[in-house]
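Please consult the sequence and the model shown here while reading.

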Amino acid sequence: MTHGNGALEIDTITKRYGDTVALDGVSVDVRPGEILGFVGSNGAGKTTTMRIALGVLAADSGQVRLDGRPVDLDVRRTIGYMPEERGLYPKMKVGEQLTYLAELHGLRRAAARRATARWAERLGIAARLTDPVDALSLGNQQRVQLAAALVHDPAVLVLDEPFSGLDPVAVDVMSDVLREKARAGVPVLFSSHQLDLVQRLCDRVAIIVAGRMRTVGAVAEVRRGAGVRLEVHAPAAPRGWADGLPGVTVDGTLDGRTTLLLDRHANDQDVLAAALATGPVHGFTLRTPSLTDLYREVVA
Ligand SMILES: Nc1ncnc2c1ncn2[C@@H]1O[C@H](COP(=O)(O)OP(=O)(O)OP(=O)(O)O)[C@@H](O)[C@H]1O
């Protein structure tokens with residue numbers, strides 16, 4: 001099955017559970033060909049957003065569209081979804097299950113079998129096709145779950161924590177598959193608590209805090225927007241040597257090493273001149289904050 005790939009648009013969705021506001025006007029677009037990492041604390045609303053995006057849960061208000069069309073039953077069949085609760089039949093054989101799921105999404109039997117064989121090979125579970133799912137380790141069950149999301153050649157991928165519990169080799173395979181799908185024009189949305197991975201893999205990142213989208217942007221831009229850190233090793237510098245420099249905040253000093261936060265008004269060469277005015281400078285290192293640093297600041 002080949003689809004024209006369009007964007008997945010999550011447009012101002014709101015969801016309440018009794019008195020709990022799980023989502024409060026969440027919007028984000030996942031563009032064709034991009035990998036968007038969805039991050040946020042436990043309970044922030046990622047799973048709820050993804051379930052609504054797939055159409056298995058109704059929003060109280062707002063809309064989700066794929067290629068401009070509201071997500072209905074037909075559109076749902078074109079989405080590859082990996083649910084957080086993992087929706088496999090534990091007693092069914094891996095191969096039968098994947099073929100069944102592919103047929104359920106519209107593939108004919110022969111094509112479904114071919115796709116099952118191809119993805120099982122790719123994801124390293126080909127030797128397990130005749131085993132029941134619950135005979136597999138958790139990580140291998142997860143590979144089956146990913147195969148289930150991919151086996152019908154979906155037009156969009158929505159994956160809830162696909163990397164949790166995978167060994168490093170499986171993480172690499174999964175990363176390659178997501179990159180490949182994105183290169184083929186598929187919009188890919190996945191949630192994760194592994195921020196180093198999100199930083200490495202994603203084009204853009206969306207950070208959700210308590211049901212509201214706090215930040216959406218290119219990973220590099222979001223990191224730069226958080227300001228730059230500068231580590232200066234000036235052993236003779238007196239306390240307060242960097243005070244008053246425009247755009248500079250002192251984050252801490254330890255053993256003659258001062259960490260400074262620089263906003264866009266700061267000039268690193270002025271900082272260097274001020275440091276040199278105190279004596280020798282043995283180290284001067286600019287560091288863009290990692291996604292993990294940024295995330296801590298955003299959710300704090
Ligand atoms: N079926 C439900 N009934 C009541 N409250 C719910 C239900 N599902 C989710 N919630 C609440 O909605 C909020 C968002 O939960 P959600 O599972 O979307 O978070 P999450 O970001 O996926 O968290 P995690 O990282 O722990 O998986 C939480 O406050 C949660 O307790």
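The model is predicted, so local features require pLDDT of at least 70 and side-chain atom pairs count only at pLDDT 80 or more, while totals for chains, interfaces and linings use all residues. Residues are numbered from 1 along each chain as its sequence is written.

**Overall chain**

- The chain contains ten helices and 14 strands, where helices (H or I, at least four residues) and strands (E, at least two) are DSSP runs numbered from the N terminus.
- Along the principal axes, the C-alpha atoms fill a box of roughly 75 × 45 × 35 Å.
- Of the 300 residues, 39% are buried; a residue is buried if 20 or more other C-beta atoms lie within 10 Å of its own, with C-beta atoms placed from the backbone.
- Among contacts with a separation of 6 or more, 70% link residues 24 or more positions apart; contact requires C-beta atoms, placed from the backbone, within 7 Å.

**Sheet and packed helices**

- Six strands make an open sheet of mixed pairing, in the order E6-E7-E8-E3-E9-E10; two strands pair if DSSP finds at least two bridges between them.
- Strands E6 (79-82) and E10 (212-218) are at the edges and have a single partner strand each, so one side of each lacks a neighbour in the sheet.
- From one strand to the next, the twist averages 15°.
- Strands E3 (residues 35-39) and E9 (residues 204-209) run parallel and are joined by four bridges; Val39 has Ile207 in E9 as its bridge partner.
- Helix H5 packs on the sheet, touching E6 and E7 (156-159), and its direction makes about 165° with that of E6; axes are lines fitted to C-alpha atoms, for helices over the stretch in contact, and angles run from 0 to 180 degrees between N-to-C directions.
- Helix H10 (residues 291-299) lies across E3, E9 and E10, at about 25° to E9.

**Ligand shell**

- Residues surrounding the ligand include Tyr17, Thr20, Lys46, Thr47, Thr48 and Glu84; the criterion is a C-beta atom, placed from the backbone, within 6 Å.
- Helix H1 (46-54) and strand E2 (20-30) each supply at least two shell residues, and H1 gives the largest share, three residues.
 
**Loop residue Leu123**

- Leu123 lies in the loop between helices H4 (109-122) and H5 (138-150).
- Leu123 counts as buried because it has 20 C-beta neighbours inside 10 Å.
- Leaving aside residues up to four places away in sequence, Leu123 touches Arg143, Leu146, Ala147 and Val173.

Conventions: A residue is buried if 20 or more other C-beta atoms lie within 10 Å of its own, exposed if 12 or fewer, and partly exposed in between; C-beta atoms are placed from the backbone. Two residues are in contact if their C-beta atoms, placed from the backbone, lie within 7 Å.
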